[in-house]
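Dear colleague,

Please find the structure below.

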Amino acid sequence: MDIQPFISLAQNVSLLLAAVLLFELTGARMDTARDHFKEFTVGLGLGFIGVLIMLTPWTIMPGVVFDTRSVLIAVSGLLFGTVPTIVAMVMTIVSRIAAGGTGAVTGSAVILASGIIGIAWRQLRREQLHDLEWKELFAFGFIVHLVMLLLMLTLPDDVDMQVLSRITLPVIIIYPAGTALLGMLIIQRLKRELTERKLAESEERFKRAMEASRDGIWDWDILSDTVYFSPGYKALLGYAPDEFGKDIRSWTGLIHPDDFSSVLKANQDCINGRFDEFEVEYRMHHRDGTWRWFLGRGKAVERDGNGRALRMVGTHTDTTRRKQVEDSIKANEKRLRSLLDDVDMVAVQGYDNKRRVIYLNRASEIFYGYTKEEALGQPLEDLIIPEEIKEYVVRDITNWLEDGVPIPAGELILRNKDGSDVSVYSSHAMQTNPFGEKELYCIDVDMSEIRKTHDQLVRAKELAESASRTKSEFLANMSHEIRTPLNGVIGMLELLRTTGLSHEQGDYVQTAVTASKRLTQLLSDILDLSRVEAGKLSIHNQPMDIAEAVEHVRQLFKPTAEQAGIEIREYIHPKVARQVSGDASRIQQILFNLVGNAIKFTTKGSISIEVYPLPTPDTGRIKALFAVADTGCGIEDKLVEELFEPFTQASRGFQRTHQGAGLGLTICRRLIKLMDGDITLESQPGEGTTIFFCPTFHESTADSVGPALSETHSEPGRIIRNVLLAEDDRINRVVTEKQLQKLGCRIHTATNGREALEMLEVKPFDLVFMDVQMPVLDGVEAVTSLRSGLAGELNRDVPVIALTAYAMNGDKDNFLRVGMDHYLPKPVEIRELDAAIRRFGKPPVNP
């Protein structure tokens, strides 16, 4: 057997391995992906090696040579990638073609096939090359060179079989082994590169993590007594990297004296093997002179045969802010507990999840008679829960703890240590402590003082209501008792005026009537003020005409103004809405007061009533500005605000020039407030006064506007034949009888409700005037009986007019509700009686 081919190929493989190792030492790397320049450079190196080994071939015959370039190119495709392999293939193919000979084409084909197989194998492996093993590399080399042997068939026919017979055995034995050997050498290099890269990446990640972390790192070599302190460690203490020593004293010298022993003990216990690691919190001196809190953690990572630590590593965390927060929380808790202890009316108890007392404030000690020492640790149900509700209390607490069903707040009767009852309003809160355990807190408010205060308030309210009722009853009685004789006085004066009086006597009668009316107005003002203060004065919105209301007031005062030589004018801005929804009677009442005051305080000049529109953002609401101006004496600035208070007048003392009770402006302001408006005035002493008010109206949906309240529409020509007058007061009965007779009525009188019903049962009447307060049977009961048919059907539907001194709020509605048709409060003027007769009388009958 010729061993020369084996020797030649072995030498060629050795040369290949040496060249590749030399190439590796020059810095060639396999991580050339995505860097085309590096890939090209590596390809040049591999190509150079290929050309080099082709200079020492095994020559079979002239023009046919063998070397290990197929091993190089195949391994390059497998481990270095496409670009380096192509570069190497091009260089070696060019070199082989340049060498020429019979096997030039076959040799180029072998180079090309080796590279393609290497690149394809790499793709199949998906670049997981570091785990290639010897067996796979040998199989890879075998396949590559089996293909190479097949390519020998491309040689001329007289050469191919001759070549195959000489090279097959050496190639099959040496080339796969050379391929595996070269591949393993390069893979080991690849694994080292991978390990180095991962280590570098790990170190980089660790470095970045330490830079991002607020922790410092230390590493203590105990034998040499040297310590590595990370830059972050030094920064936590305010030092630059080159300003901190490397021995253990650099650290121990900064520890707070009060913490030194505990820190040293923790370290010594770990060094001596009592613990593998430790954790301790302590203070260190910062470079800026302050003390900072740090959490130190350490662990022994290397020990000698006796278990004593040789090396320790650990971390250093700044906990100053957390300690400050904790101290703040503790201080707040202390303040809260102190606050709870200082509140005598609120008892607070805390219970753990076994219902045992964990907290008791001072109020709880007072409420329930137990000291903290007696109560702490004792079950709730054994201390303050009465026997009859123990089962329910335990059940409710258990349901809250286990199922999250809260206990509602409410009043409870609990038990004092001495056995007495304690009435409390108890609320409850569930909290979770730092250990994750639930705690129940009960907040109990002493109800005894609250009940006492409540009872006092109830009594005060009842007294106030009683006083209010007494006041209302007094005002009602006063109104009735004053109006009754006033009705007689005014009625007699009016009757007297119908007789033949001299001019002087007429003046006397007019003076007496004026005085009586002023008394009536005062009484009405007092009643209105009482209604306002009681909140019983209301606004009744109905369709009305602003211009008609103003004109009515002007016409009412026109005779008085002309008699005093004063002109009274009115002006309604064209854009003022005429038809609105409002309380016409209250608007007239306000204007009546303001114009009346203007006439009272004006001796010359004029009085004007003006109305202007005001903008409003609310749809459906209408605002108008009313102005009542006079040229009277004016008001001093210091008295302006006081004028709207009850019983206040511009002129005071014994030298008052004008009469009045000082209630008009007060009532006006309160009425305007009820209309969602306001009132104010401008005045200049000696020049006059202007009063402005701006009530709120609403849009009217009515097609027509009713008459002002003061107007009475009646059908002229209606007459009353027979009138029944029920009145118990003799004077009022005589006065009203005479007034009705003057109006052409035939009068029948009754002194009480019973008499009136008896007369209504037997005689037909056209109209009934019914007093309310009468003996035997009052007017309300009489009308109720009449409407129910107890007096028969003869006069069951006859019109009944209440003629009464009851003029309090609600009286009119009450009388109309029982069946009366109209209401006239005393004192009644003859014109009012005439208007009522015309309204409710029957048409005249031709005789």
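Two strands are said to pair if DSSP finds at least two bridges between them; strands (E, at least two residues) and helices (H or I, at least four) are DSSP runs, numbered from the N terminus. This is a predicted model, in which local features need pLDDT of at least 70 and side-chain atom pairs count only at pLDDT 80 or more, while totals for chains, interfaces and linings use all residues. Residues are numbered from 1 along each chain as its sequence is written, and side-chain values use heavy atoms, with hydrogens and water left out.

An open sheet is formed by five strands in the order 22-21-23-24-25, with parallel pairing. Strand 22 (746–750) and strand 25 (822–825) stand at the edges with a single partner strand each, so one side of each is left without a neighbour in the sheet. Strand 24 (residues 800–804) pairs with strand 25 over four bridges, in the parallel sense; Ala 802 has Tyr 823 of strand 25 as its bridge partner.

The largest nonpolar core has 47 residues. Such a core is a set of buried Ala, Val, Leu, Ile, Met, Phe, Trp, Tyr and Cys residues joined through side-chain atoms within 4.5 Å, where buried means under 20% relative accessible area (1.4 Å probe, protein chains only). Among the residues touching the most other members are Ile 60, Phe 66 and Met 152. Helix 7 (157–212) supplies the largest share, twelve residues. Apart from this core lies another, of 38 residues, including Ile 590 and Met 675.

Yours sincerely

Key: Buried < 20%, exposed > 50% of the residue type's maximum accessible area, 1.4 Å probe, protein only.
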